[in-house]
Amino acid sequence: MHTHPASPARRAAAAHDGAATHAASPALLRREDNALLRGSGCFGQDVQLADACHIAFVRSPQAHAQLLGIDSNAALQIDGVLAVLTSAELGQHVMPAHNPLLDVVQDTAFPLLAHAQVAYVGQPVAVVVATSRAAAREAAGAVTLTLHSLPPSNDFASEDATTRTQHKSGQMPASSTHVVEAHIRSPRVSAMPMEPRACSAMLHDAEANSPHRITVWLGTQTPSRAQADVARVLGLPTEHVRLISPDVGGAFGAKASVSPEDLLTALTAQHMQRNVQWLASRSDDFVAGMQGRGSVLQGCLHANDQGVLEGLWARLHFTLGAWLPFSAVVPLRNAARILPGPYALTHLDIEGLATRAHAAPVNIYRGAGRPEAALLMETLIEQAARQCQIDPVDLRLRNLIPSQAMPYTTPSGEVLDSGDYALALHNACEQFGYTHARNQQTQRRQQGELVGIGLALYIEPCGQGWESARVTWHENGRVTVASGAPAQGQGHVTTFAQLAADILGSDAANVDVHLGNTALCPAGTGALASRSTAIGGSAIVQACRAVLVRREAGDALPITAEEKFTSNEAWSYGCVIAQMRIDADTGTPTIERISWVDDAGHVLQPQLVHGQLIGGAAQGLGQAMMERLIYDDQGQLITGSLMDYAIPRADSMPPIEISSLHTPSPNNLLGAKGVGEAGCIGVPAALMNAARDALSPLGEFDLQLPLTSEQLWHVLSTHFEKETP
Ligand code: SMO
C-alpha cells in the first residue's frame with residue numbers, strides 16, 4: 001500500500017491518493033459557505049459607510065531614530081486630501097497593556113502614533129485622511145519625515161529582559177551515559193491571513209435611540225476586548241462602543257490583539273467627526289502586522305544506556321518587537337511550561353526570557369509556543385535515539401507518560417487531563433507502515449539516496465478560563481444562539497447551530513447564530529488558543545440546558561438563558577510521521593508523505609476538524625520548509641513582499657493520511673479538546689527530524705528552519721568538500 005514514488009508518474013499517483021484522503025465525505029455544507037463562496041460575505045472591504053473618508057498611514061522608514069519633524073505640505077496639495085494628523089492633533093494615546101500572565105518589564109507605554117522617536121520600520125507616524133483610499137495612500141508617500149538615525153538593535157541586551165520564566169524540579173544528573181544538545185532557531189514568520197487587516201468606524205448621532213456613539217468593524221478574534229480598548233482610547237464608556245467582527249479572512253493569532261492602526265481609525269473618526277475606513281495593504285501587514293515565532297531554543301537531554309531520559313535542560317530566548325501586543329508573552333510562557341511534552345521526565349531545568357528589538361511586534365501565531373516546545377524536544381529525542389542506537393519509536397515508548405497515569409501533573413504544575421500517547425504513536429506507526437518503511441529506507445540508502453523518516457509527538461493545551469453564550473427559544477420555535485467566541489473561518493456557525501439543535505431537540509436549520517457583535521452577543525473571551533468548541537461550546541450546552549429546565553418547569557416561550565462556562569485546559573496530542581527525500585546534488589527536499597494521528601477528544605464536526613488539521617499542516621509545512629522574515633542589520637525588513645517571502649501553495653502539499661483518536665476531556669461538558677493549532681505544532685518537528693534522519697548516514701548536522709534547498713545544498717557541499725580534500 002505504501003509505495004515509494006520512484007518515478008514522476010508514480011509520485012503523481014501517490015499525490016493523487018493523498019489528495020483523495022483530504023476530501024472528507026460525505027460533503028457537509030457549512031452554513032457559512034453559501035454566502036462566502038458566492039461573494040455575498042461581508043469582509044472588511046465590504047463594509048461601505050456613507051460619506052466615509054479613507055485613511056492611510058505615514059510609516060517610519062527607519063528602525064530607530066529621533067523624530068525631528070513631519071512636513072505635510074506636499075501631501076496636503078494632493079486632490080482629495082483632507083488632513084494629515086499627527087500626535088499633536090490626535091493626542092498622545094498609548095497601546096493597551098499586555099496580558100499579565102507573566103510579569104513584564106516595559107519602561108514606557110507604547111504610543112499609538114510615534115512622537116519624539118520611532119522604534120521600528122513601519123511604525124505609524126501620521127494619519128492621512130482623504131476622500132479616497134488612493135489619495136490617502138498617495139499622500140502618505142508625500143509626507144516627509146526628518147529623522148536623526150540612532151543605532152537599531154535586533155535584540156535589546158538580555159540584561160534588559162522584558163520578561164523571564166523558569167521551571168526547575170529534581171536534580172539534573174551530574175553525568176549520564178548519553179547527553180545530546182540542540183541549538184535551534186525558529187525564525188520569525190508572517191501569519192499571512194488571506195485578508196489583510198481592515199477597520200471601519202461609523203459615528204452615531206447622540207440623540208438617536210441607541211446606547212452607541214460609535215460602531216467599529218474590525219476583523220478580530222477578541223471583540224469584547226477590542227470594544228474595551230476602543231472605548232478607553234476614545235474616552236467613552238464601554239457600552240457606547242459597538243464592535244462588530246464581520247466575516248474574517250483568516251486570523252491565526254495575528255488578529256487576536258488590537259493594533260495601533262485599529263485604534264487610530266476610531267480615533268480619527270472621533271477627531272474628524274466623520275465615518276472613517278482603513279484597509280491595510282499586504283505591505284502594511286508585512287512591515288507592521290503582528291508577526292509570529294522568532295526564538296532561539298537550546299536544549300540538553302540526558303539519557304541512560306537503556307534510553308531512559310534522566311533530565312532536560314533548556315534555555316529559550318524569544319525576541320519580541322518594539323512593543324508588546326496583549327498576548328506577546330504567551331508563546332514564551334507556553335513553550336517553557338509544556339516542555340518536556342508527552343514524556344515522563346521529572347528532572348527539569350528550564351529557563352526562558354523574552355527581549356525586544358527594533359522590529360515589528362510579535363504576538364501569538366497558530367501554536368503560540370507549542371511548536372517551539374515540540375521542535376526542541378522532538379529534535380533532542382531523535383538525537384538521543386541515534387546516540388543510544390535505539391529506534392526512535394522504542395526510545396519514545398520507554399519514556400511516554402502512560403495512559404494509566406492520567407490525569408498527570410507535570411513538574412511545572414500542568415495537569416494533563418487525559419490521553420493515550422503510546423496508542424497515538426502505535427497507530428501512527430501502523431498507518432505509516434513504519435517497519436516496512438524503515439526496510440525500504442535501508443534499501444534506498446544502499447542505492448545512494450538520502451531519505452529520512454522523522455517522528456514527532458506533540459501536546460496542545462487548548463485554553464483555559466471562560467466563555468459565554470446566550471440561548472433564546474422564541475415563541476415561533478426558532479432558536480438564537482449568541483456566543484462570545486467569534487469566527488475567522490473555523491465554521492463556528494455550523495458547529496454551534498448543530499450543537500444547540502441537538503440539545504434542544506430541534507433542527508439546525510431552526511437555529512440562528514450570532515457571533516462577533518457586541519450588541520448581539522454576551523461579553524466573551526474570544527476565539528483563540530483552540531478553545532472555542534471546548535469552552536465556548538460548553539457554554540452553549542449549559543445555556544441550552546438552562547432553557548430546557550425552564551421549559552420543562554412550564555415557562556412560556558420566549559425563554560432566554562445566558563451562561564458562562566469556565567474550565568481548565570484540555571490537552572490534545574498526536575503523532576506525526578514524515579518521510580523526506582533530499583537530492584544529494586541540489587539539496588532539494590521532497591516531502592514524500594505525512595502520516596498523522598491526532599486526538600482532539602470528542603469531535604462534533606469531523607469534516608471541520610479535518611479542515612483545521614489540513615490547514616494547520618499547511619502552515620506548519622510553510623514554517624518548516626520555506627517561510628522566514630529577515631531583518632538586515634539596519635532593521636529593514638528585506639522579505640517584505642510575496643516576491644521575497646515564500647508561502648506554501650496547493651502543490652507544496654504532500655499526501656497526508658490522518659486518523660483520529662477520541663479520548664474525551666473530563667474538563668468540559670463536551671469532552672472536546674482543541675484542534676486548530678495541531679498541524680503547526682507537530683508537522684515542523686516531524687519534518688525537521690525527517691531531514692536530520694535523511695542526512696544521518698553522513699553525520700549529525702545542525703539543520704535549521706526553514707529547510708530550504710539552499711541550506712541543505714550548503715550542508716551537503718561543505719560535508720563532501722571535507723570528505724574529498
Ligand atoms: S495563536 Mo491563537 O490565535 O491562540
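Trainee: Why is Gly341 called buried?

Mentor: Buried means under 20% relative accessible area, exposed over 50%, and partly exposed in between, with a 1.4 Å probe and protein chains only. Gly341 has a relative accessible area of 14%, so Gly341 counts as buried. This is a predicted model, where local features need pLDDT of at least 70, side-chain atom pairs count only at pLDDT 80 or more, and totals for chains, interfaces and linings use all residues. Residues are numbered from 1 along each chain as its sequence is written, and side-chain values use heavy atoms, with hydrogens and water left out.

Trainee: Where is Gly341 found, and with what is Gly341 in contact?

Mentor: Gly341 is in the loop between α9 (330-338) and β15. Helices (H or I, at least four residues) and strands (E, at least two) are DSSP runs, numbered from the N terminus. Contact means heavy atoms within 4.5 Å. Apart from neighbours within four places in sequence, Gly341 is in contact with Ile401 and Ile459. The C-alpha atoms of Gly341 and Leu400 are separated by 9.1 Å, and these residues are 59 residues apart along the chain.

Trainee: What makes β7 and β8 edge strands?

Mentor: Two strands pair if DSSP finds at least two bridges between them. The open sheet has five strands in the order β7-β15-β14-β13-β8, with mixed pairing. Each of β7 (163-169) and β8 (178-190) pairs on one side only.

Trainee: How do you know that β7 pairs with β15?

Mentor: Seven bridges join β7 to β15 (residues 348-356), and the two run antiparallel. The rule asks for at least two bridges. Lys168 stands opposite Asp349 in β15.

Trainee: Which strands pair with β12, and in what sense?

Mentor: Strand β1 (residues 53-59) pairs with β12 in the parallel sense over three bridges, and Cys53 stands opposite Val276. Strand β9 (residues 198-203) pairs with β12 in the antiparallel sense over four bridges, and Ala198 stands opposite Leu279. Both faces of β12 (residues 276-279) are covered: Val276 and Trp278 are buried on one side, Gln277 and Leu279 on the other.

Trainee: Buried or partly exposed: what are Cys42 and Cys680?

Mentor: Cys42 has a relative accessible area of 32% and is therefore partly exposed. Cys680 is at 1% and is therefore buried.

Trainee: What makes the pair of Arg370 and Glu677 a polar contact?

Mentor: A polar contact is a pair of N or O atoms within 3.5 Å; within protein, one must be able to donate a hydrogen and the other to accept it, and residues adjacent in sequence count only if both atoms are side-chain atoms. The side chains of Arg370 and Glu677 make such a contact at 3.2 Å. Arg370 lies in helix α10 (residues 370-388) and is buried, with a relative accessible area of 3%. Its contacts beyond four places in sequence include Asn334, Ile338 and Ile681.
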